[in-house]
There are 2 protein chains.
Amino acid sequence: MSGEEKGVHGRRTGRRPGDARSRELILDAARTSFAATGYAATTIRGVATAAGVDPALVHYFFGTKDGLFAAVMELPLNPSQLVEDIVAGDVAGLGERLARRFLEVWDDPVTGPPLTGLIRGAASHAPSADLLREFIGREMLVRIAASAGRPDAVLRANLCAAQLMGTALLRYVLRVEPLASTGAGDLLGWLGPTLQRYLTADTPERPVG
Amino acid sequence: MSGEEKGVHGRRTGRRPGDARSRELILDAARTSFAATGYAATTIRGVATAAGVDPALVHYFFGTKDGLFAAVMELPLNPSQLVEDIVAGDVAGLGERLARRFLEVWDDPVTGPPLTGLIRGAASHAPSADLLREFIGREMLVRIAASAGRPDAVLRANLCAAQLMGTALLRYVLRVEPLASTGAGDLLGWLGPTLQRYLTADTPERPVG
């Protein structure tokens, strides 16, 4: 090994020797705060204070709070970007874009496998999985549902989550056939309209009986 | 305690003293066979042979194979009866009847709680949960889907299972709000049409792109 400074993943960086240490201090403080108080109550300022650094350094390393959260949870994706991609465009295509992005992220050999822990952990109430599920529910699906401008956005987000988590459980965790080997294109035609209805349809009448 | 013979649950019965023992031998043999070879490969005759009893005694105690399975798994319901109730009637009401029975069984304080183990165990690949899931999938949902007479009945059953298992996970295991406290009547209006479409709609066109 040369004497050059390397980042936390062993890559050569142009950063000062203290950077990697500061980054770890921030991640430790953030991990503690998210676990203790949840996503909503955690603030960049609070994490910076606990880590003994300036809030600007947290922004420098992680951007926004959800970037910090993604780093703590080792999420293989950028939540804000994903939500923006889905919300952008015609409301008539919202359900299909959500279904498409969902299948892309889970089918991807890099981003998919880490997510199966979300499903396994969620069913056993693992604290980190609870936190991640709350984040995906409140920060992602509720924002997507709210973008459609219909009443009961949180219930609509829950219904989408139920369809998507159930699909993930059967397709990616339990690998139930033929669902597990059906192409994403074929599944889109089934799932897209379901999500579209949950996100944008009028609240249904209660069935008689 | 009096000297009267009591059944396995301590209730007084008119059976001979050997009955409770035979019943336990049958359940043990069935438990072993279901676990070793799965639901489909298990036969009443094979279980009777392993238990050293006449097949007629298995039928006497448990009726059909799925009754035996329900007893082994301590299911709080009769699977055949449930499927018959859902399949009976107009195909146009199939999805709503499936959603209604699903919510009734899970919302019931007697039959609901034992089923949460199915969801927790399924996510962690517990063998008994795998077996129960296969049973519910193949013996119940596929029969329901097949009754609609459309192609791809097994994929359609998988899609229904995804929506229902996801709903059970969020509503009954994780108790996510507002889904957990929304009335069954209101949920029926959301879930019924989803299941109806999965069971009876034409196979969708693949979306462009």
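In this predicted model, 100% of the interface residues of chain B are also interface residues in chain A, so the copies meet through the same surface.

One packing between the chains pairs α10(A) with α10(B), at an angle of about 160 degrees and with axes 11 Å apart. An angle over 145 degrees counts as roughly antiparallel, and that makes α10(A) roughly antiparallel to α10(B). The crossing of α10(A) and α10(B) is right-handed. On the side of α10(A), the contact is made by G189(A), W190(A), L191(A), P193(A), T194(A), R197(A) and Y198(A), and on the side of α10(B) by G189(B), W190(B), L191(B), P193(B), T194(B), R197(B) and Y198(B). By class, the residues of this contact of α10(A) with α10(B) comprise 8 nonpolar, 4 polar and 2 charged.

In chain A, α9(A) and α10(A) pack at an angle of about 160 degrees, and their axes are 8 Å apart. These two helices, α9(A) and α10(A), are therefore roughly antiparallel to each other, and α9(A) passes α10(A) in a right-handed crossing. From α9(A), the residues in contact are R156(A), L159(A), C160(A), Q163(A), L164(A), T167(A) and R171(A); from α10(A), they include L191(A), T194(A), R197(A) and Y198(A). The contact of α9(A) with α10(A) has 9 nonpolar, 4 polar and 3 charged residues.

The loop between α9 and α10 of chain A holds R175(A) and P178(A). R175(A) is not a glycine, yet has a positive phi of about 50 degrees. The peptide bond that leads from E177(A) to P178(A) is cis, with omega near 5 degrees. In chain B, a cis peptide bond joins E177(B) and P178(B), with omega about 5 degrees, and P178(B) sits in the loop between α9 (153-173) and α10 of chain B.

A further packing, described here in chain B, brings together helix α6 (residues 94-107) and helix α10 (residues 184-200), at an angle of about 135 degrees and with axes 7 Å apart. Helices α6(B) and α10(B) are therefore oblique to each other, and their crossing is right-handed. Among the residues that make the contact are L94(B), L98(B), L103(B) and D107(B) of α6(B), and A184(B), L187(B), L191(B) and L195(B) of α10(B). The contact of α6(B) with α10(B) divides into 10 nonpolar, 3 polar and 3 charged residues.

Where does charge pairing come in? Side chains of opposite charge can pair when their charged atoms come close. The structure holds 12 salt bridges over all chains. In one of them, the side chains of R171(A) and D107(A) meet at 3.2 Å, N to O. R171(A) lies in helix α9 (residues 153-173) of chain A and D107(A) in helix α6 (residues 94-107) of chain A, so the pair ties together parts that are 64 residues apart in sequence. R171(A) is also one of the α9(A) residues in the contact with α10(A).

Key. Residues numbered from 1 in each chain as written. Chains lettered and ligands numbered in written order. Predicted model: local features only at pLDDT ≥ 70, side-chain atom pairs only at ≥ 80, totals over all residues. Heavy atoms only, no water. Contact = heavy atoms within 4.5 Å. Axes fitted to C-alpha atoms, helices over the stretch in contact; angles between N-to-C directions. Helix = DSSP H or I, 4+ residues; strand = E, 2+ residues; numbered from the N terminus. Parallel < 35°, antiparallel > 145°, perpendicular 65-115°, else oblique. Left-handed = near helix turned anticlockwise from the far one by under 90°. Nonpolar A, V, L, I, M, F, W, Y, C, P; charged D, E, K, R; others polar. Salt bridge = Lys/Arg side-chain N within 4 Å of Asp/Glu carboxyl O.
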